[in-house]
Amino acid sequence: MNESAQSLSSASFSTGGEKRSARITRREAIAKTLKAGAGISMLSQAGGLLRGATETPPRSPSAADSMIVTLTINGAVHTLAIEPRVTLLDALREHLGMYGTKKGCDHGQCGACTVLVNGERVNSCLTLAVMHPGDDITTIEGLADGDTLHPVQAAFIKHDAFQCGYCTPGQICSAVALIKEDRAKTDGEISEQMAGNICRCGAYQNIVAAVREAMQPTG
Ligand code: FES
Ligand code: FES
């Protein structure tokens, strides 16, 4: 057995000033760990009982915490009673059941939650729903015209601009706004100005190709 293996499998204990060496098997070590874990669990439960006697338990959200907000999403008006802290992303997914907009990081770093607010791309995880009464909100569900896909959606399919598809709703909403912004003229500029939308599958080359095609004037 080498030196490091020995140090893992043996230990010295000091009891009342008397030092002795002992070898501990893996099974014994696991048993000790489980016992310690059980002790910690019992202590924390006891702590909970003691705290319960002196502290007020956390208050769950009630109607008094809610605000009424009217959101216009994909042309439809929705009235919600929600807490002011609810993000636009959570309002869409958790309160309206619109799961097309994806939650990735929930911290403004991945772009999966991108929607259009008055035509501009916005990370819906970084804005509160109550800030948007009267705004025109468009999600991925609102881009197609019936059975006719939006040109950006069609271009993404044509160029295989996705693999797992998780980033795709955000990529497409971002691309729709980018084309309207009319600032990207080259592949490099498309990449740069889509940089807020991360694709973990690395489909960037195909995404750029799709956006390039969608930005070409039709007819
Ligand atoms: Fe909003 Fe990542 S989920 S930026
Ligand atoms: Fe999978 Fe972009 S297609 S993360």
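Predicted model: local features only at pLDDT ≥ 70, side-chain atom pairs only at ≥ 80, totals over all residues.
Q: Which residues of helix 5 are buried, and what do they pack against?
A: The buried residues are T168, P169, G170, Q171, I172, C173, S174, A175, V176 and L178. They pack against strand 5 (114-117), strand 6 (120-123), helix 4, helix 6 (187-193) and helix 7 (204-214). Helices (H or I, at least four residues) and strands (E, at least two) are DSSP runs numbered from the N terminus.

Q: What span does helix 5 reach from its first C-alpha to its last?
A: The 14 residues of helix 5 reach 20 Å, close to the 20 Å expected at 1.5 Å a residue (1.5 Å times one less than the number of residues). Just after helix 5, D182 has a positive phi of about 55 degrees.

Q: Why is helix 4 called oblique to helix 5?
A: The axes of helix 4 (residues 151-158) and helix 5 (residues 168-181) cross at roughly 130 degrees and come within 9 Å. Under 35 degrees is roughly parallel, over 145 roughly antiparallel, 65 to 115 roughly perpendicular and the rest oblique, so helix 4 is oblique to helix 5.

Q: Which residues make the contact between helix 4 and helix 5?
A: V152, Q153 and F156 of helix 4 meet T168, I172, A175 and V176 of helix 5 (contact: C-beta atoms within 7 Å). By class, this contact has 5 nonpolar, 2 polar and no charged residues.

Q: How do helix 5 and helix 7 stand to each other?
A: Helix 5 and helix 7 pack at about 40 degrees, with axes 10 Å apart, and are therefore oblique to each other. Q171, A175, L178 and I179 in helix 5 meet I207, V211 and A214 in helix 7. That contact has 6 nonpolar, 1 polar and no charged residues.

Q: Which residues of helix 3 are buried, and what covers them?
A: In helix 3 (residues 88-95), L88, L89, D90, A91 and L92 are buried. Their cover includes strand 3 (67-73) and strand 4 (76-82). G97 follows helix 3 with a positive phi near 65 degrees.

Technical notes. Residues numbered from 1 in each chain as written. Chains lettered and ligands numbered in written order. Axes fitted to C-alpha atoms, helices over the stretch in contact; angles between N-to-C directions. Contact = placed C-beta atoms within 7 Å. Nonpolar A, V, L, I, M, F, W, Y, C, P; charged D, E, K, R; others polar. Buried ≥ 20, exposed ≤ 12 C-beta atoms within 10 Å, placed from the backbone.
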